[in-house]
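The sequence and model are shown first.

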Amino acid sequence: MIRKANIKDINKILEIYDYAHIVMKNDGNASQWPSYYPGLEDIKIDMDNDALYVYEHNGDIIGVFAFYIGIEETYNYIEGKWDNDYPYGYIHRIAALPNDINFGDRVIDYCKSKIGHLRIDTHRSNHIMTHLVTKNGFNYKGVIYVRDHDPRDAYEWDRYKKIYIAGGCFWGVEHYYSLLKGVIATRVGYANGDIENPSYEQVKHHEATHAETVEVTYDPEVISLTKVLEHFLRFVDPYSIDKQGEDSGHQYRSGIYFTDIDEYKVIKDYFDNNIKGEYSIEILPLANFYDAEEYHQDYLYKNPTGYCHVNMHLIKDEEKK
């Protein structure tokens, strides 16, 4: 089992780190960890931060790792590009005795159960760690530099998905979804139109054919796609054409735009089973999406008394963040 480390575990943890030095040296990776690292001070820092874990099997400690959720300062600069800036967890100082060949997989599964976005780095010569992270779905993102300015290969994983939702004025739609548990991020923009990078004025005056749309990034382990659609039907009139609330015009049409063809059947089946009769909701692949101007982003957080056609009271207390 994986548990938090305590002061009684320190000698065993040092023994495991000593063994890890031998393994890395034999694998041609003698330079990743200096002889003094990780040392007693590093262990105490991880413990003080409530971030040091051990893996115990039949009463014996056979592995150790540090796991944080927050910002790792050495990841702020990367020669390359992270996929996103969403909150993440990161794993450091992972090591084990040879008792359990699946230790690394167990650690990554544990960390994935705590947050849907992980980052990790390793020395390019650390073939064991490189194999571990790539087989567990991490993707190479570039090079970062640790505190002694030594380069490390950086990897990232997340399980988040995106769906694009048009339901009238995007101010209220964005605010509604931003309140839900499992929604990681929202952006408002213009989708499935005929020109590149339209402005609000172009869309408003029908010089572009885009729909006001919200990009919803969500964690499917917390909120499913069908639950996202259920919320959509709480505030949208599915029969209305080019109109929601007091807003009318082609830019206010309702639609769900997907990027994964497998989602089409889920969306179509959900609406067919939960809307009586013929409805006027587009279900289409996402052709394009352009961010709206910055003043539109999080509009109702910036302007709490601003116009909104969406009733936020439709969200149950247990569904809110």
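A residue is called buried when its relative accessible area is under 20%, exposed when over 50%, and partly exposed in between (1.4 Å probe, protein chains only). Helices (H or I, at least four residues) and strands (E, at least two) are DSSP runs numbered from the N terminus. The model is predicted, with local features requiring pLDDT of at least 70, side-chain atom pairs pLDDT 80 or more, and totals for chains, interfaces and linings using all residues. Residues are numbered from 1 along each chain as its sequence is written, and side-chain values use heavy atoms, leaving out hydrogens and water.

Helix H2 spans residues 40–48, and its buried residues are Ile 43, Asp 46 and Met 47. They lie on the same side of H2 because they cover an arc of only 100° around the axis, taken from the directions from the helix axis to the C-beta atoms. Glu 41 and Asp 48 are exposed on the face turned away from that buried side. Just after H2, Asp 50 adopts a positive phi of about 55°.

The buried residues of H2 are in contact (heavy atoms within 4.5 Å) with these elements:

| Element | Residues |
|---|---|
| helix H1 | 10–26 |
| strand S2 | 52–57 |
| strand S3 | 60–69 |
| strand S5 | 89–96 |

Between H1 and H2, Ile 10, Ile 13, Leu 14 and Tyr 17 of H1 meet Leu 40, Ile 43 and Met 47 of H2. The residues of this contact divide into seven nonpolar, no polar and no charged; Ala, Val, Leu, Ile, Met, Phe, Trp, Tyr, Cys and Pro count as nonpolar, Asp, Glu, Lys and Arg as charged, and the others, Gly among them, as polar.
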